Each structure stands twice: as C-alpha cells, then as structure tokens.
Amino acid sequence: MEELTSSRPYFIRAVYQWITDNGLTPYILVDNAVNYTDVPQEYVKDGRIILNVAPTAVRDLLLGNEAISFSARFSGVARPIYAPIQSVLAIYARENGKGIFFEQMGDLQPPPDSPEPPSGPTKPTSKKPALKVVK
C-alpha cells in the first residue's frame with residue numbers, strides 16, 4: 001500500500017478557512033523544537049510560540065503541505081516565519097479558542113496490526129485520540 005500524505009496540512013487549511021470565513025482571527029501554536037522552525041526566538045515561551053496568521057497580520061502566507069511560511073512584523077520589523085507542518089500544534093480562533101489541536105507525534109493512525117475497521121456504527125474506545133476538535 002502506498003504511503004499517504006499527512007492529513008495535518010489539510011486540517012490546518014480547512015480550519016483556517018472556517019475561522020476567516022467567520023470573521024475571526026486565526027492563531028497557530030508552533031513547537032519551536034521541531035527542526036527547521038524559524039520564528040523570532042525572543043517571543044518563544046516554554047519552547048512554543050503563538051502566531052497571528054490573519055490575512056491583515058501577515059504577508060505572503062503559504063499554507064503548504066510541508067510548511068507554513070509568511071512574513072510578519074514584530075515590534076515594527078518584518079521577519080520571515082517558517083514552521084514545518086509537524087511543528088504546528090494547533091490552529092484556533094483567538095476570540096473563542098475553537099479550532100483543532102494536534103498530538104505532537106504526527107497524525108492519527110491505527111496501530112500497524114489493527115484489523116479492518118468494522119462496518120456500521122461502533123462504540124467509542126477509551127484510547128486517546130491524536131487530534132482533538134474543540135467545539
């Protein structure tokens with residue numbers, strides 16, 4: 001079976017669109033410890049940074065499959081930002097906190113030895129999901 005691409009960038013783009021369509025401000029939470037992450041270090045707290053990615057706050061926003069990149073002003077100085085997709089821990093609306101929060105270790109996937117999924121409705125399991133949608 002061919003390996004599928006990560007679902008994370010698709011979720012990020014969908015939630016970004018939903019947030020902006022509703023006139024809210026999209027924020028992303030980025031893990032600065034992920035290789036190749038390039039953010040202003042003076043704004044990193046506890047290894048993470050929250051970035052406003054609203055269309056009015058950034059220039060040249062690219063929500064790609066491999067990374068998010070854009071230019072933003074920090075204390076009046078334009079800075080390039082580069083966040084690999086795996087560094088994005090969450091995308092949510094500033095005004096109400098609604099969005100999606102990702103587990104740090106990748107996309108939700110069944111264990112390699114899991115059986116075929118059953119057809120029809122199933123009972124929820126007690127396993128912790130890899131991503132959580134905040135309503």
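Entry 1: I am working from a predicted model. I began with an open sheet of three strands, ordered β3-β4-β5 and paired antiparallel. Which strands stand at the edges? I found β3 and β5 there, and each has a single partner strand, so one side of each is left without a neighbour in the sheet. From one strand to the next, the twist averages 15°.

**Entry 2: one pairing in detail.** I then asked how many bridges join β3 to β4. I noted four, with the two strands running antiparallel. For Leu-62 I looked up the bridge partner in β4, and that is Ser-69. A reminder to myself: strands of a sheet pair through backbone hydrogen bonds, either parallel or antiparallel.

**Entry 3: the nonpolar core.** Next I went inside. The largest nonpolar core holds 25 residues. Ile-12, Ile-28, Leu-51, Ile-68, Phe-70 and Ile-91 have the most contacts within this core. I also wrote down the elements that give two or more residues to the core: helix α1 (8-21), and the strands β1 (26-31), β2 (48-52), β3 (58-63), β4 (67-74), β5 (77-84), β6 (88-93) and β7 (99-102). Apart from this core lies another, of five residues, including Leu-29, Leu-89, Ala-90 and Tyr-92. As general background, nonpolar side chains tend to be buried together in soluble globular proteins.

**Entry 4: a closer look at Ile-91.** What does Ile-91 touch, leaving out residues up to four places away in sequence? My list reads Ile-12, Val-15, Tyr-16, Ile-19, Tyr-27, Ile-28, Gly-99 and Ile-100.

**Entry 5: salt bridges.** I counted two salt bridges. One joins Arg-79 to Glu-42, with the closest N and O atoms 2.8 Å apart. This pair links distant parts of the chain, as Arg-79 sits in strand β5 and Glu-42 in the loop between β1 and β2, 37 residues apart. Are the two partners buried or exposed? Arg-79 has 26% relative accessibility and counts as partly exposed. Glu-42 is exposed because its relative accessible area of 53% is over the 50% cut-off.

I then turned to Arg-94, which forms a salt bridge with Glu-95; here the closest N and O atoms are 3.3 Å apart. Arg-94 counts as partly exposed at 47% relative accessibility, and Glu-95 is also partly exposed, at 37%. A last background note: side chains of opposite charge can pair when their charged atoms come close.

Terms used:
Residues numbered from 1 in each chain as written. Predicted model: local features only at pLDDT ≥ 70, side-chain atom pairs only at ≥ 80, totals over all residues. Heavy atoms only, no water. Core = buried A, V, L, I, M, F, W, Y, C linked by side-chain atoms within 4.5 Å. Buried < 20%, exposed > 50% of the residue type's maximum accessible area, 1.4 Å probe, protein only. Contact = heavy atoms within 4.5 Å. Salt bridge = Lys/Arg side-chain N within 4 Å of Asp/Glu carboxyl O. Pairing = 2+ DSSP bridges. Axes fitted to C-alpha atoms, helices over the stretch in contact; angles between N-to-C directions.
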